[in-house]
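Here is a friendly walk through one protein model, written to be read with the structure open beside you.

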Amino acid sequence: MGPNNKASRNGGHKPKNTKQTMHRIFSYLSAYKIQLILVTILVIISAGATVAGTYMLQPIVDDYIVPFIGTHNPDLSGFIKIMLLLGSIYIIGAISSYVYNRIMVNISTGTLYNIRKDMFTHMETLPIRYFDKHTHGEIMSRYTNDTDTLRNMMSQSVPQLISSTVTVVGVFISMCILSLPLTLLVILMLLVMMAVVKKIGSKSALYFRKQQAEIGNVNGYVEELVEGQRVVKVFCHEAESKAEFDKKNEQLCYAATQANTFANILMPVMGNLSYIHYALTAVVGATIAILTTQGRMGVFGLGLGALVAFLQFTRSFSQPITQISQQVNTILNALAGAERIFALLDEEPEVDNGYVTLVNATVDKDGNIHETDHHTGTWAWKHPHGDGTLTYTLLRGAVEFENVDFGYEPNKLVLNNISLYANPGEKIAFVGSTGAGKTTITNLINRFYDVPDGKIRYDGININKIKKADLRRSLSMVLQDTHLFTGTVMDNIRYGNLHATDEEVIAAAKLANAHWFITHLPDGYNTMLSGDGSNLSQGQRQLLAIARAAVADPPVLILDEATSSIDTRTEALIEKGMDKLMEGRTVFVIAHRLSTVRNSQAIMVLEHGEIIERGSHDKLIADKGKYYQLYTGMFELS
């Protein structure tokens, strides 16, 4: 019984520490310190140009427009000069805006490149347990949707937030200089706007987090159904699949609708508040201006030019606040996605405390083993000891289980007190009902999972002492579910040994009896495969997997239902090739077809995680126990 393949899909995920998430994002941005400093300077220049341009409305109106209304000798040269200055300020601001946006595009794409690289690199270090508990679609969602929200935040939201903040500060200072009474009115309206932003923004953030989680759920389900579409159609479960998808899609739709509803109403609400603010400021400002002309305002007086500039500042003040509120939603959405990314990066990598390594070796006439740098075809375990000495043990493929208990979940044993011994070159078969623990045994040999109780020895060495990469180099597996990669047939076979020559690949294909059908493909060994080999039959894909194992040339071979997808005729054709492949190797075979295990040196019958019978085919038949019942058809495997 394997672990649960249907992951808990992070439903309702919420950022636990926004500050920490932001800190980790900025740790990636630290690689672009100089560019970020330049961006900050350009943003300040751009925002400052906007503020300065607006402030110049006061002298333009007061010094060059109002004094010459109705006169015939306006100061055109002075007016032209100040207008050219105004134009220059806006041009500088526009250029600064263009440049910093281009730089931020480079920063955001470079940062995401580093994040994706770290994600993939770390993902390759994760144990099989992680992939058993998370769907492929959920993991892919972190590479696509979550990184995309992060890109939007870095390339658009952050620059816009800085620009809007600088603009607000500059405008506020300018307004204080122009008129304190009107500035107090602005502050009052600002408090109202902030209360609205906080209320609506918190609701939006909640549903954006739910939206990100639901996207992962939908992606995981779609990916699962696409892979299993044949099964869906065979059992006519289209309606049930659609109903389940509709349920998940509705949950996503609800979360997305709520998130975007609150996000979208923020802009019109803030826009209407800004119109009210503008109208109120215009009325109060006009009143102060009229009273100023009557000499009744004293130091709080306000001229026409100052009123025009202040009204423009009012628009400039509310607009960046609106933009800030708008970007808050994007940032919160990105933070939810970023935490999902960092959750993957924070997953504990596969632990490997092994120190015994696999090395090329030679054996002299006295039987002494020597390490060598070149390939000899002979391998040995290099075992360092605490006193500084080294011992070498030839790689032979002897595997021993001693009182092994194991469970994928605490307090749920899948294997109970398993003890067995496979001599080099022996063929050991496991038979039993589904969930009896057959595949689990092979998972433990590979150290996909480590045993909490008992020991597994490989050539007399506790496998916990052997580095996992070296251990797995000495093994090869042919799984029931064959996976082929995008590439040529030659590349897929060579995956078992990347250093194999074309001749060695072809020899492996002949050994597995795959050569005949490969030569009849459109481009032979150079035929491109895609979509997990969808252009091949299931049996042909399985033959390529067997050829892949053959080219690896390991001393230990694990066949997990390796011929389950091959018809009886094809199975008979490859039987001799399989015998050659297994010759001189320790082989563990899991099979439902008992005819394929008759020539095994030992057959283990498992039931509920325990070995209930063991022996050769003839012995077990003579014992007339469970194996006899299975073989004679008195009892069928489930």
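## The whole protein

Please keep in mind that this is a predicted model. Its secondary structure comes to 19 helices and 16 strands. Of the 638 residues in the protein, 46% are buried.

Helix α1 takes in residues 18-29. At 1.5 Å a residue, its twelve residues should span 16 Å, and the 17 Å between its end C-alpha atoms agrees with that.

Which residues of α1 are buried? They are Thr-21, Ile-25, Tyr-28 and Leu-29. These four cover an arc of only 105 degrees around the axis, so they sit on the same side of α1. Lys-19 and His-23, on the other side of the helix, are exposed. If you colour α1 by burial, these are the residues to look for.

## Two helix pairs

Two packed helices are described by the angle between their axes and the distance between the axes. Take α4 (residues 76-123) and α6 (residues 136-178) to begin with: their axes come within 10 Å and cross at roughly 150 degrees. Because an angle over 145 degrees counts as roughly antiparallel, α4 is roughly antiparallel to α6. The crossing of these helices is right-handed. On the α4 side, the residues making the contact include Tyr-100, Asn-101, Met-104, Ser-108, Leu-112, Ile-115, Arg-116 and Phe-120. From α6 come, among them, Ile-139, Arg-142, Tyr-143, Leu-150, Arg-151, Met-154 and Pro-159.

The other pair is α14 (502-511) and α16 (residues 538-552). Here the axes come within 8 Å and cross at roughly 125 degrees, and α14 and α16 are therefore oblique to each other. α14 passes α16 in a right-handed crossing. Glu-504, Val-505, Ala-508, Ala-509 and Leu-511 of α14 make the contact with Ala-547, Ala-550 and Val-551 of α16.

## Loop residues with a positive phi

Most residues other than glycine have a negative phi, and most peptide bonds are trans.

Asn-513 has a positive phi of about 60 degrees, although it is not a glycine. It lies in the loop between α14 and α15 (515-519). With a relative accessibility of 34%, Asn-513 counts as partly exposed.

Lys-624 is not a glycine either, and its phi is positive, at about 55 degrees. You will find Lys-624 in the loop between α18 (617-623) and α19 (626-631). Is Lys-624 buried or exposed? Its relative accessible area is 56%, so Lys-624 is exposed.

Pro-67 is found in the loop between α3 (57-65) and α4. A relative accessible area of 40% makes Pro-67 partly exposed. Which residues does Pro-67 contact, leaving aside its neighbours within four places in sequence? They are Val-61 and Asp-62.

Methods:
Residues are numbered from 1 along each chain as its sequence is written. This is a predicted model: local features need pLDDT of at least 70, side-chain atom pairs count only at pLDDT 80 or more; totals for chains, interfaces and linings use all residues. Side-chain values use heavy atoms; hydrogens and water are left out. Helices (H or I, at least four residues) and strands (E, at least two) are DSSP runs, numbered from the N terminus. The expected span of a helix is 1.5 Å times one less than its number of residues. Buried means under 20% relative accessible area, exposed over 50%, partly exposed in between (1.4 Å probe, protein chains only). The arc is that of the directions from the helix axis to the C-beta atoms. Axes are lines fitted to C-alpha atoms, for helices over the stretch in contact, and angles run from 0 to 180 degrees between N-to-C directions. Angles under 35 degrees count as roughly parallel, over 145 as roughly antiparallel, 65 to 115 as roughly perpendicular and the rest as oblique. A crossing is left-handed if the near helix is turned anticlockwise from the far one by less than a right angle, and right-handed if clockwise. Contact means heavy atoms within 4.5 Å.
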